[in-house]
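Here's a quick briefing for anyone meeting this structure for the first time. Take a look at the model, then read on.

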Amino acid sequence: MASPTRPPLAPPTASSSPSLPSAITPSADQIVVLYVIIAMAVIIFGFWNVPGIRHLINPLKLFTIGAHELFHIIAAILSGGRILRITIDPHVGGATIVEGGKPTFILSSGYIGSSILGGLFVLAGWDTLVAKVMSFVLAVGLILPLKLVRDKLTILLTIIYEGLLIGFWFIDHAGALRWYCLFIGVMNVLFVVWDVADDRFFHKTNDSDCTQFAILYPSIGAHVWATIWIAFQLGVLAAFAVLGIMVFKVPSADSISSSNDTT
């Protein structure tokens, strides 16, 4: 009597459903944002440093420098220091003179605060709702430094930038607002680059924080501090970019249609 045999097994077949992209894999639209971030960094470096045209972004520089100094002020107050003098100027930079407090904490807070604020604006580049929220921060931040400004050109440019901010709410369903906030984000999150460049090329009156760190810790040169803080801010920019890709991932039309075809 013949022994029973198993029925033949069908060979494994490849799944017909397309593999889902990883959460960290950027969509086509998000890849565009990544390229724009790089382009904006190059543009800002030029506008920040090239004589003549550098005045055109004075209001944005005042916002960036003012926010940076605000974080110094907050750290000084939290550590028991006393504010003696504050300078916010698009040409000579910013400075917060403090008596007492914890110098390392106060000095570090500037770049750390600029990085976090810039990162939040970078997130706005990925999502319109975040851009709308951050636009209110920008609107207030552009106006506040005017109390210290007497330059008529800077005042006029501030009015123009405020007008653009309002107008971008109504262009392409506030899509233009994303790019505006992204530009501000790159300017803030990489502030150490512009700060060191001002020190290096224009010898501004107010030293960069990297120079101040070298004074506080003489055994470490200013160029080493610059390298450390640039690496830190690039890491923060990368982290917020990855966060934006993961949180605000919108499936493209091609992936939606291919998914529907397989069902």
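What follows is a short tour, from the overall layout down to single residues.

This is a predicted model, in which local features need pLDDT of at least 70 and side-chain atom pairs count only at pLDDT 80 or more, while totals for chains, interfaces and linings use all residues. Residues are numbered from 1 along each chain as its sequence is written, and side-chain values use heavy atoms, with hydrogens and water left out.

**Overall layout**

- The chain has 10 helices and 2 strands; these are DSSP runs, numbered from the N terminus, with helices being H or I of at least four residues and strands being E of at least two.
- The chain runs to 263 residues, and 41% of them count as buried. Buried means under 20% relative accessible area, exposed means over 50%, and partly exposed is in between (1.4 Å probe, protein chains only).
- Take the contacts between residues at least 6 apart in sequence: 71% of them join residues at least 24 apart. A contact here means heavy atoms within 4.5 Å.

**Aromatic rings**

- Rings of Phe, Tyr and Trp (its six-membered ring) pair if their centres lie within 6.5 Å; planes under 30 degrees apart count as stacked, over 60 as edge-to-face and the rest as tilted.
- That rule gives 12 aromatic pairs. One of them is F213 with W225, a stacked pair with 4.7 Å from centre to centre and 25° between the planes.
- F213 belongs to helix α8 (residues 209–216) and W225 to helix α9 (residues 222–247), so this pair ties together parts that are 12 residues apart in sequence. Both F213 and W225 are buried.
- W229 and F232 make an edge-to-face pair, because their ring centres are 5.4 Å apart and their planes meet at 85°. They sit 3 residues apart in helix α9, so about one helical turn separates them.
- W229 is buried, at 9% relative accessibility, whereas F232 is partly exposed, at 33%.
- Ring pairs also build a cluster, which links F45, W48, Y111, F191, W194, F213, Y217, W225, W229 and F232.

**Charges over rings**

- A charge sits over a ring if NZ of Lys or CZ of Arg is within 6 Å of the ring centre and within 35 degrees of the ring normal.
- K61 lies over the face of W48, 4.8 Å from the ring centre.
- R178 has its charged end over the ring of W179, at 5.0 Å from the centre.

**How α3 and α9 pack**

- Two packed helices are described by the angle between their axes and the distance between the axes.
- For helix α3 (residues 103–124) and α9, the angle is about 25° and the axes are 9 Å apart. The axes are lines fitted to C-alpha atoms, for helices over the stretch in contact, and angles run from 0 to 180 degrees between N-to-C directions.
- That makes α3 and α9 roughly parallel to each other, a label for angles under 35 degrees.
- The crossing of α3 and α9 is right-handed, meaning that the near helix is turned clockwise from the far one by less than a right angle.
- Residues making this contact include Y111, I112, I116 and L120 of α3, along with W229, F232, V236 and F240 of α9.

**Two residues with positive phi**

- D172 isn't a glycine, yet its phi is positive, at about 55°. You'll find D172 in the loop between α5 (152–167) and α6 (175–189), where D172 counts as exposed at 60% relative accessibility.
- A174 is in the loop between α5 and α6 too, and its phi is near 70°, a positive value in a residue other than glycine. A174 is buried, with 0% relative accessibility.

- S135 is part of helix α4 (residues 128–143), and at 2% relative accessibility it counts as buried. Neighbours within four places in sequence aside, S135 contacts L165, W169, L177 and C181.
- N49 is in helix α1 (residues 28–49) and is buried, with a relative accessible area of 8%.
- N49 and A197 are 148 residues apart in sequence, but their C-alpha atoms are 7.4 Å apart in space.
- Not counting residues up to four places away in sequence, N49 touches R54, A197, D198, F201 and F202.

Notes. Angles under 35 degrees count as roughly parallel, over 145 as roughly antiparallel, 65 to 115 as roughly perpendicular and the rest as oblique.
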